[in-house]
Amino acid sequence: MEAERKLFTGCRFSDQSKRCFTSSLGEREVAKIPDVPKDTPTIPVNSAAVIGAGTMGGGIAMNFANAGIPVLLKETDQAALDRGLNTIRKNYSNSVAKGASPQQQMDDRMN
């Protein structure tokens, strides 16, 4: 227990620990929106549309899909849409290959 105490104390006051604490405080702070009361009603998001299937649009579409929100991805032509969807599929495939998510989850999100 003495060894654990020393290791814990070393971790507790490390630069990395301080940065994590600062990061945690920052995450809490950005969740607060000035001039918006806490009891402000929210509107549920039932579906979304993203214009552009490039790097940013594809990432935004994936975030909606990961949250279980159906998303429509729009692009100027079929070739650009196919490239974007292939990139999204590749990103999900990498997650499956690493064991980060099951194949069925990837399939559901791609649908």
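Student: How many Å² does the accessible surface of the protein chain come to, and what percentage belongs to carbon and sulfur atoms? Then take me to the largest nonpolar core: which residues make it up?

Tutor: This is a predicted model; local features need pLDDT of at least 70, side-chain atom pairs pLDDT 80 or more, while totals for chains, interfaces and linings use all residues. Numbering runs from 1 along each chain as its sequence is written, and side-chain values use heavy atoms, without hydrogens or water.

Surface first. The protein chain exposes about 9100 Å² (Shrake-Rupley, 1.4 Å probe), and carbon and sulfur atoms hold 57% of that area. Of its 111 residues, 16% are buried (under 20% relative accessible area, 1.4 Å probe, protein chains only).

Now the core. Ten residues form it: Val-50, Ala-53, Ala-61, Met-62, Ala-65, Leu-73, Leu-81, Ile-88, Tyr-92 and Met-106. Buried nonpolar residues count as one core when joined through side-chain atoms within 4.5 Å.

Look at Tyr-92. Leaving out residues up to four places away in sequence, Tyr-92 touches Met-62, Ala-65, Asn-66, Met-106, Arg-109 and Met-110 (heavy atoms within 4.5 Å). Met-62, Ala-65 and Met-106 are also core members.

Now step back. The protein chain has five helices and two strands, in the order α-α-β-α-β-α-α. Its C-alpha atoms fill a box of roughly 65 × 45 × 20 Å along the principal axes. Among contacts with a separation of 6 or more, 26% join residues 24 or more positions apart.

Notes: Helix = DSSP H or I, 4+ residues; strand = E, 2+ residues; numbered from the N terminus. Buried < 20%, exposed > 50% of the residue type's maximum accessible area, 1.4 Å probe, protein only.
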